[in-house]
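Thanks for coming. Please have a look at it first.

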Amino acid sequence: MRLLVVAAPLAGHLTALLPLAAAVQAAGHDVAIATGDTALGVDSGGVETHDVTPGLRFGRVGAAVALRHPRAVWAEVAGRGGQELARHLFGALNRRMADPLVALVRTLRPDLVVYEPWAPAGALAAGAVGVPAVLLENGLFDGEWASRTAAAGLADAIGRHGLGPGLPPPAAVVTVRPPRLGAAPGHLPMRPATGWSGRADLPAGLAVPGPRPRLLVSRSTVPGPGPGDPTRAVVAAAAGLDADVVLVRPVPKIAAGPLPPNVTTTGWIPLDAALPAATAIVQHGGAGTALGALAAGCPQLLLPGIGDRRGNAEAVAGAGAGLAVPARGITTDVLARLLTDPGLRVAAERIAAEIADMPVPAELVDPLLALA
């Protein structure tokens with residue numbers, strides 16, 4: 001049996017798919033990955049990886065989209081963008097992926113294609129060759145909605161490859177959302193990926209709880225408009241906080257200080273290993289970090305920013321497991337509440353229990369391959 005995993009050309013989009021890819025490979029099947037740009041730098045664990053966006057740089061595509069659709073960008077930054085910017089941006093990415101991906105599927109002849117919501121070109125390529133495809137959600141949003149949004153750029157490719165009025169529906173949908181965060185009935189649940197793709201070790205001091213509350217602070221790795229870095233706001237509020245604050249991979253200007261005495265910095269760390277010993281985390285609003293904190297039962301503060309970040313922040317806050325606060329609203333009192341409010345931790349721990357009950361990727365191997 002041969003599986004092809006398709007991800008948009010962004011590192012975070014691929015890392016969410018790797019646990020399933022690894023489980024299929026460990027079960028003795030052949031696995032290949034199709035992606036591009038920054039995702040090519042992800043440690044895939046030895047899985048064969050193909051570049052289906054040769055020469056593409058996400059930043060350049062994003063800049064071109066912003067120049068063509070400035071109103072969509074400003075609406076997104078203001079929090080009223082809806083799906084317009086995502087439709088333009090991921091539509092452009094999927095147009096670049098479509099033909100190389102169809103050619104790759106014809107060459108590899110996989111028995112099954114698994115694609116993430118922002119890479120519906122995977123469904124197109126599978127349909128063009130008559131191979132079943134499975135949609136694997138990788139965040140807290142409705143994956144089918146996201147896939148339809150990104151597929152808006154594939155109209156020409158759909159016609160070119162003889163798929164009629166639209167993409168074929170997925171043979172199954174795998175959701176990583178626990179019940180309290182909107183898992184849809186009929187979807188196959190799978191415990192979300194909460195690890196970090198890389199080789200950094202966790203400093204010994206972060207592996208166990210400290211004598212005081214510990215607050216982790218992380219930022220986005222994807223450049224773009226709008227606030228994606230809560231670090232400066234946290235540093236400004238940290239001096240009056242009775243807690244140890246750890247800045248994960250801060251920008252060099254902030255890392256150079258001066259910093260309050262209760263603030264330290266670190267480089268890349270495996271967040272999934274650090275979160276169980278942390279009291280709380282402040283983060284940019286990313287789905288991977290949000291799911292990791294939820295799996296650890298760790299309260300979080302998320303910035304309601306661009307892309308899926310606003311939805312992630314609102315979902316976590318709506319479930320009572322964290323706070324949705326813009327960077328300008330981060331104060332000492334807000335951080336103290338994040339660290340001490342028992343209701344936030346109780347809600348986070350309830351969701352963590354739901355995630356722990358979800359099937360691990362290895363349990364999905366046989367049901368998915370039975371679709372081939």
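One term before we start: a residue counts as buried when its relative accessible area is under 20%, taking protein chains only and a 1.4 Å probe. Keep in mind that what you see is a predicted model.

With that term, take strand β9, residues 244-248. Of its 5 residues, 4 are buried, and the strand is mostly covered. What lies beside β9? On one hand there is strand β8, residues 214-217, which runs parallel to β9 and is joined to it by 4 bridges.

In what order do the strands of the open sheet come? The order is β3-β2-β1-β4-β5-β6-β7, which makes 7 strands, with parallel pairing. At the edges are β3, 48-51, and β7, 188-189; each has a single partner strand, so one side of each has no neighbour in the sheet.

Within this sheet, strand β1, residues 2-6, is joined to β4 by 4 bridges, and the two run parallel. L4 stands opposite V113 of β4. Helix α5, residues 84-108, lies across β1, β2 and β3, and its direction is at about 170° to β1.

Next, the nonpolar cores. Which residues touch the most other members of the largest core? They are L20 and L136, in a core of 41 residues. Helix α2, residues 18-26, gives the most to this core, namely 5 residues. As for L136, if we leave aside neighbours within four places in sequence, its contacts are L17, L20, V114, Y115, E116, P117, V174, V176 and M190. Another core, of 30 residues, lies apart from that one; V6, L135, A151 and L163 are among its members.

Last, confidence. The protein chain has a mean pLDDT of 90, and 95% of its residues reach 70 or more. Where in the chain is confidence lowest, and where is it highest? The lowest is in helix α4, residues 70-77, with a mean of 76, and the highest is in strand β4, residues 112-115, at 98.

Key
Residues are numbered from 1 along each chain as its sequence is written. This is a predicted model: local features need pLDDT of at least 70, side-chain atom pairs count only at pLDDT 80 or more; totals for chains, interfaces and linings use all residues. Side-chain values use heavy atoms; hydrogens and water are left out. Buried means under 20% relative accessible area, exposed over 50%, partly exposed in between (1.4 Å probe, protein chains only). Two strands pair if DSSP finds at least two bridges between them. pLDDT is the predictor's confidence in each residue, from 0 to 100. A nonpolar core is a set of buried Ala, Val, Leu, Ile, Met, Phe, Trp, Tyr and Cys residues joined through side-chain atoms within 4.5 Å. Contact means heavy atoms within 4.5 Å. Axes are lines fitted to C-alpha atoms, for helices over the stretch in contact, and angles run from 0 to 180 degrees between N-to-C directions.
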